[in-house]
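User: I am new to this structure and would like to learn how to read its features one at a time. Could you guide me through it?

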Amino acid sequence: MSGGARLSPDERLVRVEVALLFKRRGGRKRVVVPDGAPVWAPLPSRVDSTLVKALARAHRWQGLLESGVYGTIEELARAERINPSYLARVLRLSLLAPGIVEAILDGRHIRERLTLEKLMKPLPVEWHRQMVALDVA
């Protein structure tokens, strides 16, 4: 192992060295990175609010249809004042594989590859095939 980590001779323990500095700020002690030490921070997730809204709508609309509040897509589209074709395409998002939904909600998907435009097109029913088709696997 290289860097700030070392393996013990019996290979049962790993010793990790992290540069830390304690500073008092505003009466509190804070841990900071010393000057010149490498800084590590996880990349911030980039949640795509457009995809999240579309997923939320799909599941809300699916719930309204399943509960019997609306009997058809046309009735629901009329109530929502949107095109029935658009509603039907968004509604398909309620059938996405859980792994795809989690990637969208966590911001772990690659925005250039997983777009609303791609999700609105017909996808395989099988979750594994969806993951492959959308390159999320």
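User: Where is Asp-48 found?

Analyst: This is a predicted model, in which local features need pLDDT of at least 70 and side-chain atom pairs count only at pLDDT 80 or more, while totals for chains, interfaces and linings use all residues. Residues are numbered from 1 along each chain as its sequence is written, and side-chain values use heavy atoms, with hydrogens and water left out. Helices (H or I, at least four residues) and strands (E, at least two) are DSSP runs, numbered from the N terminus. Read in this way, Asp-48 sits in the loop between β4 and α1.

User: Is Asp-48 buried or exposed?

Analyst: Buried means under 20% relative accessible area, exposed over 50%, and partly exposed in between (1.4 Å probe, protein chains only). Asp-48 has a relative accessible area of 14%, and so it is buried. Contact means heavy atoms within 4.5 Å, and, leaving aside neighbours within four places in sequence, Asp-48 is in contact with His-109 and Arg-111.

User: Which residues of α3 are buried, and why do they line one face of the helix?

Analyst: The buried residues of α3 are Leu-87, Val-90 and Leu-91. Seen down the axis of α3, these buried residues fall within an arc of 100°, so they line one face of the helix; the arc is that of the directions from the helix axis to the C-beta atoms. The buried residues of α3 pack against α1 and α2.

User: How many salt bridges does the structure hold?

Analyst: A salt bridge is a side-chain nitrogen of Lys or Arg within 4 Å of a carboxyl oxygen of Asp or Glu, and the structure holds six. In one of them the side chains of Glu-80 and Arg-60 meet at 3.0 Å, N to O. Glu-80 lies in helix α2 and Arg-60 in helix α1, so the pair ties together parts that are 20 residues apart in sequence. Glu-80 counts as partly exposed at 27% relative accessibility, and Arg-60 is partly exposed with a relative accessible area of 41%.
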